[in-house]
Every structure is written in C-alpha cells, then in structure tokens.
Amino acid sequence: MDRTAAKARPADEASPLRYDNAQGPVSIPGLARRLIASIPYVIVAVAVFVAIAGPTLSGVDPFEQDLLNRNQGPSDTYLLGTDHLGRDVLARLIVGTRLSLEAGLGGVLVALLLGGLLGFAASAAGGPAETVFYAFVDLIRAMPGVLLALLLVVALGAGLGPVTIALGVTFAPIFAHVARATYHRELAMDYVTAAESFGAGRWRILFTHILPNVSGAFVTQATIVLPRCIVTESVLSFLGLGVEPDTPTWGRMIAQAAQYIERNPVAVLAPVIALSLLTISLALLGDRLRLRLDPRRLVDEGARP
Amino acid sequence: MTSRFLMIAASALRALLLVLGITVLIFVLVRVVPGDVVDLLGIEGGLTEEAKQQMRQELGLDRSQAEQLLIWLGRVAQGELGLSIRFQRPVADLIVRALPTTLTLAFWSFVIGLTLAIGVAVAAVIWPRSPLPALVNAINVWSIAMPTFCAGILAILVFVLWLDWMPLLGNMVLPCVIIGIDVAGQIVKPLHEDLKETATAQFVRTAHAKGLGRAAIVWRHILPNSLSVVIALSGLVLTGLVGGTITMEVLFGLPGIGKLALDSVLGRDYPTIQAVAVLLAASVVAINAVTGIVARLLDPKLRT
C-alpha cells in the first residue's frame, strides 16, 4: 500500500533535535523480532495453502445445510459453528479464501494487462494514441473507486469473472501511469540510445530492453494493489454485488451473518478476521519487497503524480 | 497575476471536460446492462407486453442509445435531472434529501481524521522517544487491515450489542469515528515522515539555537512547512470519502447518497444512477481541481 511508503532516508546525524526514531521506544531482542517479522509470511503461506488444498482436504461441503443446527457456535462437528442456514462456517471460509485470492490476483493481472501493457503500447506508439489512451485513463481515475466497480459489476453481470474484470479496470490507471512514467524515463537512458544506434526499432526496444528493466516497478506496484483488490472485492460482495448470492466469498459471508450477529458473532468474526489478517500480511510483505527491490524509492513515481 | 488566472482557468476547463467525458462514460456503462427497469417492474407488477412497450415509450427507452444520450445531456445542461423511474419522484428531490446525511458524515469523518492525524504526527515528532511514533504506525496499520465495513461490524458488536451504549439505526457517531480513524491512517504516516524530514533542516537548528522549545519549533516552524503535504493528502482522502461512505450508510441505515446509489444500481433506475454517478464523479474532479490549484498557489516551487 502506498500509504505505508517509508522514505528510506539516512537519519541526519547533524540534527540537534534527533527526530529520527530508528530505535523505537521498546527494544525487542533479535530472535523475537525475527519471529514477529515472519508472521506475515506464515499467514500468506497458510492462506495460499488453504486456497489451493483446503477445499479438497477439509472434505466438508460448504453448501450443505444442516437446518436443525442453524447459527450454532463452535463445536466439535463444526469447528467455527454454522451460519443461518446451518452451513459449516469453516468450510465456507476455506472456499472464500480461494475466491478472495482468485479475485485479487485476477484483478491485479487484468489491471497489469489493461493498464501496464496497453500503457506501454500507447506510450511507445506516441502521438494521438497516447493522448487518447491517457485521457481515458484520467476519466477512469476521476471516478470514485467503489462507484466505478459498482457500475462495472452491474454492467458486466454477476460472477467471479466479471468481478475480476471490474477490479482490473478500477486499478488499471495506477499501472498505466507507472508505464508512462517508466517508459519516458528509460527512453532517456544510455542503454536505449545504444540499442537505437544498433538499429533496434521502437517495439523491439520496448519489449527486449525496457520491459525487463522496469518489471521491478510493476511487481512492487502489484503488491500494493493486491490487498486493495481483495478488500474491494469483499466490499462489493458485502453490498450484494459481484458473485452469485450463494457463493461463499468473505464479504457475502459477513453480510449474511451480520443479520444474526447477536445470536452468533463467530460467523461474522471469522471472515472479518480472515480478511483483515490476509490484507495486512500482504501489505506488509509488499512493503518489504519494495524496500528490497527498489531502495531508491523510484517505485512510487507515476502512481500518484 | 495573469499566469495565476490562466492556471485556474485551465484547471477549470480540464475539470469541465473530465466531467463531460465521465457523463458519457457513465451513460454507456449504465445502458450496457442487459434488462431494463421496465423488465424488473414487469416481473414485480405482472405487466403485459403491450403495457411494457407503452411504458418504454413514455420513458423514452425505445429510442436509440445516442438519441437518449443527447436528450439526457440537454436536460442536465438545463439543470433538469429527470424523474426517478423507481420512486416516481424527481431525482433532484431524492438527491437533495440524501445529500445532508452524506455531507455530515463526510465532513465529521474528515475533521476527526485530520485532527487525529495532525495531533498524533506532531506529538510523535515532539516526543520521539515516547510510544507516540508507534501509535503512528498502529493507526496506519489499522486503516490497512480493517476495511471500514469490518470495523463497522466490530463497532456494532461491541458498542451497540455488548455495551449497549448507542442505537444502531441512524447512529452517526460510530460511522464518523470509524471513517475518521481510516482517514487518519492514510494521512498520519506520510505526514509524520515529512515532519521528520523537515526536522533535519537548517532553520530548525537555528530555531533550536535561539532557544525555542521543542513544541514551539514543531508547531511554528516544522508543521507550516508540511502544509502542502497536508493539502495533497487531504485531497486524496476527500476523493476517497466520495462514495467511500456507502458501506457505513448501508450498515447503519443512513439514508445518504451511497445508499441511494446502491439502491438505484440494484433497481436499474437509470435517471437516478446517472445523476448520482455524475454528481459523485464531479465532486471528485472538483476536489482534485481545487486541491491542485491551492497547492500551486501555496507552493512557490510549483508556481509557474
């Protein structure tokens, strides 16, 4: 997330007021610090594993209704209890993990293709193509995020596919601006001039020379967009848009269980906690990846010009 | 002076063009939807095929898309937003009725968020050895980890159901505080970073050397330097608040613009969706234009 963007700047020793707080108020010993630092990795690994293998391993049908045991709290049969139709909350949570990651990764991929690739193509083509493409990007950027996704989901219909496309279009402008900024920055570099002097064409330079050099910027931007994509998907399904009513996405689970929150808070808390843990873990991992890949803070260029 | 005027005029023109483009885009998006309001009403009211055709004719839905677009643009230009098909009331009425709720919500959320962010960030720079810098991170992490609708549900569970401190429906305090904390989370960290950076400047050393206290240095010398950052972040946050109140309105039963947008989208109420969508998009464009202009007027580096 761009809001966690830490400015990697050396602390100025000369500052008389010592405002740098590299050393926090509480000092945590090395091993404990490492253990704490590994938590996000563990959570993301667990989420990925659950998304891939969970539905098969659990062996519980997330749609099976046990009407005699509705809105039950956790028990031996139902580890996280049942929802208002007597469906196993844990089984639904597991399927929801897969759907969340699918929608998130799919949305990022679509945004990369629509914003990044088309952005590069438009920038390389230059002239009116670039002007028109970026005018359109500006239009989409000026739309309030949720509203755009809302309209797109309604226009494209229900289902995971349309939701993914809607998410992709919503987040595409971020990648489009990175594409334009990095393309024009790289164009002025010596290696591009060298390639030009060897007679390489515009497109050859773009694909074989520039693209590999700027892929890092896109990877880090993708790690920023991924958690936002996942949250937006859950907001959409929470509002009753997006996937079919029956699909156990986290947002839909939250919306449905919220009506019975007094009798069975666990059915609401489970997806809320899952969503929040996954989001923060992905954001923290993205932060670390960004510091590692791009110590010069070039990443945010173009994201919010 | 003339260059300033030109800059403002150019911004305004750009904003106007953007709004026009968005209007067309929204029109296209809304009309792509398969099935129209007449179909929906037909299913509910059991209308015959002839009755449906007649209704479409009355609503102008039988004309070509391009014609409908031109007619609608012409009406909007005259300040006429049309009639809501669903509620059988002028769209302008519905918007005027919903606007105060959303504006109140957005205003107080923004005030709470900005106050909290500036307060914590400034205090964290004045007392860097206290737990306050950790609080900066905590607020930031909270706003990433807790989407407002999740925070809303937790708040309902704790403050409404368990503690029984306040009612659920029509509650304005919880939504404002929840969105406020979210807003603070977006502002506090970049602001804190910027304040820390300014703290290393030479004029801060000068102020220190002449015997000024820490708090006075931060308030009088460092914070004013970060004004442009505060304005830029405020613009970002305000655009996020447009439409960002929708989940809170749904959760707490507040009849605001977000709820109106959602209801009209779900009910295929074209005139209302279009009007609300254009209103929201226009607010975003306006906020961006105004913050851009203010930032340029204030910052000598951006002045051209």
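A216(B) is exposed, since 12 other C-beta atoms lie within 10 Å of its own; the cut-offs here are 20 or more such atoms for buried, 12 or fewer for exposed, and partly exposed in between, with C-beta atoms placed from the backbone. A216(B) sits in helix α10 of chain B, which covers residues 214–222, where helices (H or I, at least four residues) and strands (E, at least two) are DSSP runs numbered from the N terminus. From the C-alpha atom of A216(B) to that of I126(B) the separation is 9.2 Å, although the two residues are 90 apart along the chain.

Before I go on, a word about the model, which is predicted: local features need pLDDT of at least 70 and side-chain atom pairs count only at pLDDT 80 or more, whereas totals for chains, interfaces and linings use all residues. Residues are numbered from 1 along each chain as its sequence is written, while chains are lettered from A and ligands numbered from 1 in the order in which they are written.

For D138(A) and L226(A), which are 88 residues apart along the chain, the C-alpha separation is 21 Å.

Chain A has nine helices and zero strands, and of its 305 residues 46% are buried. Chain B, in turn, has 14 helices and zero strands, and 42% of its 304 residues count as buried. As for contacts, two residues are in contact if their C-beta atoms, placed from the backbone, lie within 7 Å. In chain A, 72% of the contacts between residues at least 6 apart in sequence join residues at least 24 apart; in chain B, residues 24 or more positions apart account for 75% of the contacts with a separation of 6 or more.

What do the two chains present to each other? In the interface, 55 residues of chain B are in contact with 44 residues of chain A. On the chain B side, the helices that each supply at least two residues include α1 (2–32), α8 (173–198) and α14 (270–298), and α1(B) gives the most, with eight residues. That side of chain B divides by class into 39 nonpolar, nine polar and seven charged residues, where Ala, Val, Leu, Ile, Met, Phe, Trp, Tyr, Cys and Pro count as nonpolar, Asp, Glu, Lys and Arg as charged, and the others, Gly among them, as polar.

Next, two helix pairs. In chain A, the axes of α7 (residues 202–238) and α8 (residues 250–258) come within 7 Å and cross at roughly 40°; axes are lines fitted to C-alpha atoms, for helices over the stretch in contact, and angles run from 0 to 180 degrees between N-to-C directions. α7(A) and α8(A) are therefore oblique to each other, given that angles under 35 degrees count as roughly parallel, over 145 as roughly antiparallel, 65 to 115 as roughly perpendicular and the rest as oblique. Residues making this contact include E233(A) and F238(A) from α7(A), together with W250(A) and R252(A) from α8(A), and by class the contact has six nonpolar, three polar and two charged residues.

In chain B, the axes of α5 (residues 91–126) and α14(B) come within 10 Å and cross at roughly 50°, so these two helices are likewise oblique to each other. Here V91(B), L94(B) and I95(B) of α5(B) meet P271(B), T272(B), A275(B), V276(B) and L279(B) of α14(B), a set that divides into seven nonpolar, one polar and no charged residues.

Finally, the core. The largest nonpolar core has 161 residues, and those with the most contacts inside it are L151(A), V153(A) and A121(B); such a core is a set of buried Ala, Val, Leu, Ile, Met, Phe, Trp, Tyr and Cys residues joined through C-beta atoms within 7 Å. α7(A) gives the most to this core, with 15 residues. Leaving aside residues up to four places away in sequence, A121(B) touches V136(B), V188(B), L191(B), H192(B) and L195(B).
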